Amino acid sequence: AFPPPISTSERVYFQARVDREGKNEDILSLKDGSVTVKRNVEPPGGGSWWGIFRGAEGILAQFRSVGEFKCRPIGQQINPDS
């Protein structure tokens, strides 16, 4: 079973190191990286008196690093030129 969908107030970002490989460095490989969650934050007072943030949902946010990941190849690479 899949987990419930993430609400629109949360976003998950994956930042991966990208290495160039191959004879001509024309192959990009994703390596290890980190996972960050962005959560929207309500302005103080619910936003009713913060005129500069009115209608700008998502500007106030909290970013939290929640983990790391490793990447590995899953199979034979396919050359798109062949």
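This is a predicted model: local features need pLDDT of at least 70, side-chain atom pairs count only at pLDDT 80 or more; totals for chains, interfaces and linings use all residues.
**The whole chain**

Start with a cartoon view of everything. The protein has 3 strands and 0 helices, and along the sequence the pattern reads β-β-β. If you colour by accessibility, the buried residues amount to 12% of the 82 residues.

Now select the strands: β1 covers residues 10-21 and β3 covers residues 61-69, while β2 spans residues 27-40. They make an open sheet in the order β1-β2-β3, with antiparallel pairing. Each of β1 and β3 has a single partner strand and stands at an edge, so one side of each lacks a neighbour in the sheet. Turn the view to look along the strands and you can follow the twist, which averages 30° from one strand to the next.

Zoom in on β1 and β2, an antiparallel pair joined by 11 bridges.

Show the charged side chains next. The whole structure holds 4 salt bridges.

- Select E10 and R39: their side chains meet in a salt bridge, 2.9 Å from N to O. E10 belongs to β1 and R39 to β2, so this pair ties together parts that are 29 residues apart in sequence. E10 is partly exposed at 26% relative accessible area, and R39 is partly exposed too, at 31%.
- Select R17 and D32: here the salt bridge is 2.7 Å, N to O. This pair links R17 in β1 with D32 in β2, 15 residues apart. R17 has a relative accessible area of 42% and is partly exposed, and D32, at 30%, also counts as partly exposed.
- Select E21 and K31: their salt bridge is 3.1 Å, N to O. With E21 in β1 and K31 in β2, the pair ties together parts 10 residues apart in sequence. Both ends are partly exposed, E21 at 30% and K31 at 23%.

For the pair Y13 and F63, the ring centres are 6.4 Å apart and the planes stand at 40°, so the pair is tilted. Y13 is in β1 and F63 in β3, so the contact ties together parts that are 50 residues apart in sequence. Y13 is partly exposed, at 36% relative accessibility, whereas F63 is exposed at 55%.

Move on to F14 and F69, whose rings form an edge-to-face pair, 5.8 Å centre to centre with 70° between the planes. This pair also links distant parts of the chain, with F14 in β1 and F69 in β3, 55 residues apart. F14 is exposed, with a relative accessible area of 58%.

Definitions and conventions: Residues are numbered from 1 along each chain as its sequence is written. Side-chain values use heavy atoms; hydrogens and water are left out. Helices (H or I, at least four residues) and strands (E, at least two) are DSSP runs, numbered from the N terminus. Rings of Phe, Tyr and Trp (its six-membered ring) pair if their centres lie within 6.5 Å; planes under 30 degrees apart count as stacked, over 60 as edge-to-face and the rest as tilted. Buried means under 20% relative accessible area, exposed over 50%, partly exposed in between (1.4 Å probe, protein chains only). Two strands pair if DSSP finds at least two bridges between them. Axes are lines fitted to C-alpha atoms, for helices over the stretch in contact, and angles run from 0 to 180 degrees between N-to-C directions.
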